[in-house]
Each structure stands twice: as structure tokens, then as C-alpha cells.
Amino acid sequence: MFDNSRLYLATKKIGKNNPKAEQIQTDNEMRMRWNCEVDRAIVSGVSETEIQQIKKKYITDRIRESVDIFGSQPERLGSIIMTAVTALALLISKVLDKARKLSAKFFEKEVVQMVTEPSEERTLEKIPQTDKKPKQEHNLLKELIANPSAQKQELQSQTQVTEQETPQIPPKPVVSTEAAAYPKLLKIYKELNRQNGIIFDAERERNELELERDSLKGFAKLTKKGELQSRIDRKNEEIDLLKVGLSGIIKRYGYQNVQEFYQIYRKSYNAYIACKEQVTKWEKTYGDDNQKKSKESVLERLRNPPKKTADYQQQGILKGKDRGAR
């Protein structure tokens with residue numbers, strides 16, 4: 001009767017002149033209530049494994065037990081599904097409460113860190129700067145000026161080394177189709193979460209009304225209970241419409257259900273993150289800023305040769321002088 005591998009319940013088609021049309025229509029409404037609750041559970045962060053466990057425990061196993069005990073009684077399906085919907089709704093409420101508490105705790109921690117962390121300007125140490133050149137470097141410049149051929153040879157060697165070190169720039173990473181679709185999917189994702197937040201707030205108001213109704217005593221129980229019950233019923237109708245609207249958002253964008261959308265969304269998100277990392281790495285290595293810095297570095301090296309190479313040439317000049325003296 002049900003596909004155990006799916007989270008959703010399939011609705012039945014109603015043929016013309018079907019004597020059981022009314023019963024099938026009622027069953028379909030119950031199935032749609034379960035499907036809407038599944039959509040909301042996925043948006044709320046409930047894992048598919050947990051949803052599958054509730055479906056098995058409260059629907060599949062209960063139907064099997066009902067058939068074994070009472071035989072084929074389709075009219076019992078509605079109560080079975082409503083029990084499963086209630087169990088899933090309780091799990092959703094727990095998950096959302098936990099998520100909001102963690103979010104509030106994290107926000108409070110961030111605020112405390114911003115207040116207690118010292119300013120960066122206070123912790124930075126001033127590093128003394130000097131424009132004085134060492135005596136050895138001054139002598140080196142004099143030797144290079146006195147020997148133009150050595151200076152020319154040094155510049156040629158530096159240019160050759162620079163040309164050898166310059167790598168070939170690979171093409172910039174191309175954004176895949178899945179990664180390009182992420183911004184649009186993100187808008188749908190945020191819209192679903194906003195709708196889910198509205199449902200959560202409505203349920204919290206309903207729960208407060210129920211607590212107020214159950215806490216009535218004495219004469220107030222006779223006078224206010226009916227009014228509170230009417231408000232609870234209206235709030236339940238509002239919540240049902242909001243849940244249908246949550247599933248309607250997905251269908252409006254062309255998806256069958258939230259599960260299908262989230263599978264596509266996760267793939268697009270992973271592709272987007274991977275592509276972003278590749279582009280960032282490429283920009284850091286081969287981007288315009290890096291190329292500009294590389295050119296400036298080459299010019300700086302040509303103007304100011306490395307110390308080791310200069311020392312080596314100075315030693316060669318001194319050796320040449322010693323040989324001439326001998």
C-alpha cells in the first residue's frame with residue numbers, strides 16, 4: 001500500500017462514479033497533511049532518517065497491525081496518519097527550539113567577544129624604521145659603479161633568472177552550471193525558511209493558548225474556555241494554511257517537493273563553494289594584483305641585487321685585484 005523507501009505518501013486517483021470517492025478524498029487529505037509536515041520537517045533541519053523512522057513506526061507498522069487485528073478498515077487510516085503527523089510535529093518543534101537556543105547563545109558569545117577583545121591598535125608594536133645603509137652595502141655599490149661590466153653581467157643574470165621563474169598562467173576556473181544556479185536556489189531556500197519561521201511563531205502562540213486554557217480553574221473555566229478554544233481552532237486553521245503555503249512555494253518554482261529541492265540545493269551549494277575556492281586560489285596566484293606585485297618585485301630586485309650575489313661579485317673583484325698585485 002505504501003512505498004517504504006519514500007518519505008511521502010502517494011495520493012489516490014478518484015474515478016468517476018466511484019462508490020468510495022468520499023473515503024478516498026478523506027484519505028488523500030490526510031496523506032497531504034503528512035506530506036506537508038514532511039516538507040516542513042526537511043526545512044526545519046530534521047534528517048531524512050528520522051522522518052523515515054517516524055513513518056515506519058507510526059504509519060507502516062500501525063497499518064500492518066491494524067490489518068492483522070481488525071482486518072481491512074480504510075476508515076482507520078486517517079487516525080493513523082494524524083498520529084504520525086503529531087509525532088513528526090513534536091520532533092520539528094524540538095529541533096527548532098534547539099536551533100534557536102543555539103543561535104541565541106552563539107549571538108551572545110559573539111557580542112561578548114566584541115566587547116572584551118582589545119583594540120588591534122593597542123596591541124601592535126611600533127617597529128623602528130631607519131634609512132641608514134650598512135657600510136658593507138655602501139662599499140658594494142661603489143665596487144659595482146667602478147666596474148660597469150660586472151653590473152651589466154649581474155643585471156643579465158637577474159633577468160634570466162626572472163624569466164625562468166615566471167610560470168605560465170593557467171586559464172581561470174570556469175563556473176559550472178550547478179554553481180551558477182546557486183544564487184537563485186538560495187533565494188528559494190531563504191523564502192522557505194522565512195515561511196517556516198512564521199509557522200513556528202504561530203505554533204508557539206497556539207501552544208500558549210492551550211496552556212492558558214488548561215490552566216483555567218473555577219468560574220473562569222466556564223466563561224473563558226469556549227473563547228480560548230475558538231481562538232485555538234482559528235490558530236490551527238491558520239497553521240494548516242501556512243504549511244500548505246510552504247509546500248506551495250516549492251511547487252511554484254517547479255519542484256515536486258522540498259526533498260527534491262534540497263537535494264538539488266545541496267549539490268549546487270557544494271559546487272559553488274568548490275568553484276569559489278578555485279577562483280580565489282587562482283586570483284591569489286595569478287590575479288592582476290599578484291601580477292602587479294610580481295612585476296614590482298622584479299624591478300626592485302633589478303635595482304637592488306640580492307646580498308649574496310653582490311658579496312660573491314665583490315669577492316671576485318677583490319680576487320682580481322690580488323692577482324694583479326702579484
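Which side chain does E283 meet in a salt bridge? The side chain of K172 meets E283 at 2.8 Å, N to O. This is a predicted model, in which local features need pLDDT of at least 70, side-chain atom pairs count only at pLDDT 80 or more, and totals for chains, interfaces and linings use all residues. Residues are numbered from 1 along each chain as its sequence is written, and side-chain values use heavy atoms, with hydrogens and water left out.

**Salt bridges**

- The structure holds 13 salt bridges, each defined as a side-chain nitrogen of Lys or Arg within 4 Å of a carboxyl oxygen of Asp or Glu.
- Helices are DSSP runs of H or I with at least four residues, numbered from the N terminus.
- E283 is partly exposed at 35% relative accessibility, and K172 is partly exposed at 42%. Here buried means under 20% relative accessible area, exposed over 50%, and partly exposed in between, with a 1.4 Å probe and protein chains only.
- E37 and K243 form a salt bridge through their side chains at 2.7 Å, N to O. E37 lies in helix α1 and K243 in helix α10 (residues 225-252), so this pair ties together parts that are 206 residues apart in sequence.
- E37 is buried at 1% relative accessible area, and K243 is buried at 9%.
- A network of salt bridges links E37, R40, E203 and K243.
- K56 and D61 form another salt bridge, at 3.3 Å from N to O; K56 is partly exposed at 48% relative accessibility.

**Packing of α1 against α8**

- Helix α1 (residues 21-44) packs with helix α8 (residues 182-214) at an angle of about 105°, and their axes are 10 Å apart. Axes are lines fitted to C-alpha atoms, for helices over the stretch in contact, and angles run from 0 to 180 degrees between N-to-C directions.
- The two helices α1 and α8 are therefore roughly perpendicular, a label for angles of 65 to 115 degrees.
- On the α1 side, R40, V43 and S44 meet L192, N193, N196, I199, F200 and E203 of α8, where contact means heavy atoms within 4.5 Å.
- By class, the contact of α1 with α8 has four nonpolar, three polar and two charged residues. Ala, Val, Leu, Ile, Met, Phe, Trp, Tyr, Cys and Pro count as nonpolar, Asp, Glu, Lys and Arg as charged, and the others, Gly among them, as polar.

**Surroundings of V38**

- V38 is in helix α1 and is buried at 0% relative accessibility.
- Not counting residues up to four places away in sequence, V38 touches L7, Y8, I51 and L88.
- V38 and Q259 are 221 residues apart in sequence, while their C-alpha atoms are 8.6 Å apart in space.

**Aromatic pairs**

- Rings of Phe, Tyr and Trp (its six-membered ring) pair if their centres lie within 6.5 Å; planes under 30 degrees apart count as stacked, over 60 as edge-to-face and the rest as tilted. By this rule there are nine aromatic pairs.
- The ring centres of F261 and Y262 are 5.7 Å apart with planes at 75°, so the pair is edge-to-face. F261 is buried at 0% relative accessibility, and Y262 is buried at 6%.
- F261 and Y265 form a stacked pair, 5.9 Å centre to centre and 25° between the planes. Both lie in helix α11, four residues apart, about one turn of the helix.
- Ring pairs join Y182, Y189, Y255, F261, Y262, Y265, Y269 and Y272 into a cluster.

Key. Parallel < 35°, antiparallel > 145°, perpendicular 65-115°, else oblique.
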